[in-house]
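Subject: Structure handover

Hello,

Here is the structure for you to look through. My notes on it follow below.

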Amino acid sequence: MLMKEYRICMPLTVDEYRIGQLYMISKHSCEQSGGGEGVEVVRNEANTHPQYGPGQLTEKRIYLSSKLPSWAKAFVPRFFYVTEKAWNFYPYTITEYSVSFLPKFSIRIETRFENNNGDNNNVFGDTPTPAESVSFLDILTDPIPEKHYKESEDLSRWQSSKTGRGPLEEGWRDDHKPIMCSYKRVQCSFEVYGFQTRTEEFIHRNIRDILLVGHRQAVAWIDEWHGLSLEEVREYEQAMQEKTNSKVKSSQNTGPPAASRPAFFRSISVTDERSLKKMGLTTAAMSDPSDSSVPHSPMRLNSTPE
């Protein structure tokens, strides 16, 4: 298992980001969906936990076959999705990802938001993350994949008309007010001989890119969401979820006829079923458990930048 803690600062307050996060995730998911891939929201409902209090449970299916590297496609079916389950007890959240036919694959992300510049070395209150496993991500200067760059989201050119903030300058985290930090403890595991290290490193590289892009967008889009109430952003979230689901399903429905697609278990081409089982892989039909209770930590995922 490979564990890292990411710290991403933003020129916002924790209270502001409660709205900004919901807006950003909804808009980003819609932008990234289409062509039969993207994010489908299965459920989004209120949830209460005795320890964390009232919150929100969200379950999504993420279709991303074409985004996998060639070596990963060797053991992944042609058509599949990752399941995301997120428990939002703001300012603390838990997000878990799983793939039903890969029981030895798991990702767990714990997040806590605080009004500081990332200087809390024991934000989760248990065991401090070793310094060599902590990575500060700078939404201003750290590079992102070229395909994700937009001048309107370049924070060196960004200027908020509503708040007067921006543009950001090098060293902004040292003295900018307001400032908050998104602390994310990410644990990923893929215990399959010959693939573990490469897969876990690939996952962390992609998580890093997703975190940078998402947090940049939350700031760059501030004039779109700043001033919205929680009820208003929930209405926006619902409308965008319906639009996103429609984009994903319509693209799938207009794709190749179902009869021309290989059966799910036939689409695995790496080896025979007996060998797959030795690798910890199964060809069971993809079904998601309905239990919505908060999982214990750590756990193996059975259920998909936030």
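Contact here means heavy atoms within 4.5 Å. By that rule, and leaving aside its neighbours within four places in sequence, Ser133 is in contact with Met3, Lys4 and Glu5. Please keep in mind that this is a predicted model.

Where does Ser133 sit? It is placed in the loop between β6 and β7 (134-137). Ser133 has a relative accessibility of 19%. Buried means under 20%, so Ser133 counts as buried. Leu2 is 131 residues away from Ser133 in sequence, yet the C-alpha to C-alpha distance is 9.4 Å.

**The sheet**

Eight strands make an open sheet. Their order is β2-β3-β4-β5-β6-β8-β1-β7, and the pairing is mixed. Which strands are at the edges? They are β2 and β7, each of which pairs on one side only. From one strand to the next, the twist averages 15 degrees.

Take the β1 and β7 end in detail. Strand β1 (residues 2-10) pairs with β7 in the parallel sense, over four bridges. Within this region, Tyr6 stands opposite Ser135 in β7.

**The helices**

Helix α1 (residues 14-31) lies across β1, β2, β3, β4 (82-89), β6 and β8. It runs at about 145 degrees to β6.

Helix α1 also meets helix α3 (residues 196-220). Two packed helices are described by the angle between their axes and the distance between the axes. For α1 and α3, the axes come within 9 Å and cross at roughly 120 degrees. The crossing is right-handed. On the α1 side, the contact is made by Tyr17, Gly20, Met24, His28 and Glu31. On the α3 side, it is made by Val213, Gly214, His215, Gln217 and Ala218.

**The aromatic rings**

A pair of aromatic rings is described by the distance of the centres and the angle of the planes. How many aromatic pairs are there? The count comes to seven.

One of them is Tyr52 with Tyr92: 5.0 Å centre to centre, 35 degrees between the planes. That pair is tilted. Tyr52 lies in the loop between β2 (38-49) and β3 (53-63), while Tyr92 is in strand β5 (residues 92-98). The pair therefore ties together parts that are 40 residues apart in sequence. Are these two residues buried or partly exposed? Tyr52 has 28% relative accessibility, so it counts as partly exposed. Tyr92 has 6%, so it counts as buried.

Next come Phe105 and Phe190. Their ring centres are 6.3 Å apart and their planes are at 70 degrees. The cut-off for edge-to-face is over 60 degrees, so this pair is edge-to-face. Phe105 belongs to strand β6 (residues 105-114) and Phe190 to strand β8 (residues 180-190). The pair therefore ties together parts that are 85 residues apart in sequence. Both Phe105 and Phe190 are buried.

There is also an aromatic cluster, formed by Tyr17, Tyr90 and Phe113.

**Charges over rings**

- Lys27 lies over the face of Trp221, 4.2 Å from the ring centre.
- Arg185 lies over the face of Phe124, 4.5 Å from the ring centre.

Best wishes

How values were computed: Residues are numbered from 1 along each chain as its sequence is written. This is a predicted model: local features need pLDDT of at least 70, side-chain atom pairs count only at pLDDT 80 or more; totals for chains, interfaces and linings use all residues. Side-chain values use heavy atoms; hydrogens and water are left out. Rings of Phe, Tyr and Trp (its six-membered ring) pair if their centres lie within 6.5 Å; planes under 30 degrees apart count as stacked, over 60 as edge-to-face and the rest as tilted. Helices (H or I, at least four residues) and strands (E, at least two) are DSSP runs, numbered from the N terminus. Buried means under 20% relative accessible area, exposed over 50%, partly exposed in between (1.4 Å probe, protein chains only). A charge sits over a ring if NZ of Lys or CZ of Arg is within 6 Å of the ring centre and within 35 degrees of the ring normal. Two strands pair if DSSP finds at least two bridges between them. Axes are lines fitted to C-alpha atoms, for helices over the stretch in contact, and angles run from 0 to 180 degrees between N-to-C directions. A crossing is left-handed if the near helix is turned anticlockwise from the far one by less than a right angle, and right-handed if clockwise.
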